[in-house]
Amino acid sequence: MQQPWIHKAKTDSLFIIGPSFFVLAVIFVFQNYITVIENYYSFYSWLFLIVFIDVAHVYATLFKTYFVKDEFRRNKKRLILLPLICFTTSLVLFSLGSLVFWSFLAYVAVFHFVRQQYGFVRLYTRKEPKTKLSVTIDNLAIYASTIYPMLFWFFSPERKFNWFVENEFLQFENKTILPVLLWIYIAILLIYAIRTLTISFKNKFFNIPKNSIILGTALSWYFGIVYFNDDLIFTALNVVSHGIPYMALVYFKEIENRENSKKSGFFSFLKTYNAVFVYVAILLMIAFTEEFFWEVFVWNENISISTIDFSGWQFLLVPLLSVPQFTHYLLDGFIWKSKKEI
């Protein structure tokens, strides 16, 4: 049986599986400099992690939906209505209070991040013979790898980082339940590891990408949320492990596939001018533009060029600026399933 790479062994290892391990290695090697980076280079870490990866990956969805003529025509109603629904929902939530809005969006974001890792596991098991037991154990492993750290966060209010804003999650300290959750977490991963080794030995085949994505997910979520208690470390592991694989997946399955099939339109233009660089440049340009508006109109933390007070317009500006992100979270649950790719 061949390894079920999505693209190729080298590119999958570099851009889909590798980011979690790479960032974790960098953190362990340079952890003594984390405070220095946070204090003196916060603008550059924000620019690279938040703008060029986190925000940019949201717009990679365009290359699978709005920028694809056939896809847009096939799902026109959904692609038009969903942003309107997201904007209306955001308006209602923000009218109930900014914390209500950000809390809702944070929970949706967590669900989206968890489901992406589940999706990669499904992709990497697409060639495996499946039984109800094997699917259940795989699912338990990837969900335990992501949900246990989040539960630890919910029951440990002393975490020094947020997803979006302070107090976005319902949190209450419970020292009794944490050891129980830890043992359940360990038991699930042990069962998965033992069964994987047993089946691999029996079938003389070890699924490298599937097991690597589960291991990378477990390590990045555990060290990013449970082991370390640092905002920059959490952001780096969370953002890089999620954003880069997503952008790579869209490129491999949409842009490169369309180039190889010699389809006309926007993608043939990309091929002419070196697709990957144009793809990345477009994402970075749109991402910086969006985040520039966030900074000027809402945050005023990393960029502040206006003397006008927009606080009275937050009820409209925040829901409007959040539409791409909110739409991405919801739309991503449809676009991959539509072709049974995940």
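1. The largest pocket has a lining of 32 residues, with W46, I50, W163, F164 and E301 nearest its centre. A pocket here is an open set of points on a 1 Å grid over the protein atoms alone, where a 1.4 Å probe fits, with protein on both sides within 12 Å along at least five of seven lines; lining residues have an atom within 4 Å of a point. The largest share of this lining, nine residues, is from α3. By type, the lining divides into 16 nonpolar, eight polar and eight charged residues.

2. This is a predicted model, in which local features need pLDDT of at least 70 and side-chain atom pairs count only at pLDDT 80 or more, while totals for chains, interfaces and linings use all residues. Residues are numbered from 1 along each chain, and side-chain values use heavy atoms, without hydrogens and water.

3. W163 also belongs to the largest nonpolar core, where I16, M150, W163 and Y279 touch the most other members out of 96 residues. Such a core is a set of buried Ala, Val, Leu, Ile, Met, Phe, Trp, Tyr and Cys residues joined through side-chain atoms within 4.5 Å. M150 touches V110, W163, F169, W221 and I225, leaving aside residues up to four places away in sequence (contact: heavy atoms within 4.5 Å).

4. W163 is buried at 11% relative accessible area (buried: under 20%, exposed: over 50%, partly exposed: in between; 1.4 Å probe, protein chains only). F113 is buried too, at 4% relative accessibility. Their ring centres lie 5.0 Å apart with planes at 85 degrees, so the pair is edge-to-face (pairs: centres within 6.5 Å; stacked under 30 degrees, edge-to-face over 60, the rest tilted).

Conventions:
Helix = DSSP H or I, 4+ residues; strand = E, 2+ residues; numbered from the N terminus. Nonpolar A, V, L, I, M, F, W, Y, C, P; charged D, E, K, R; others polar. Phe/Tyr/Trp six-rings, centres within 6.5 Å; stacked < 30°, edge-to-face > 60°.
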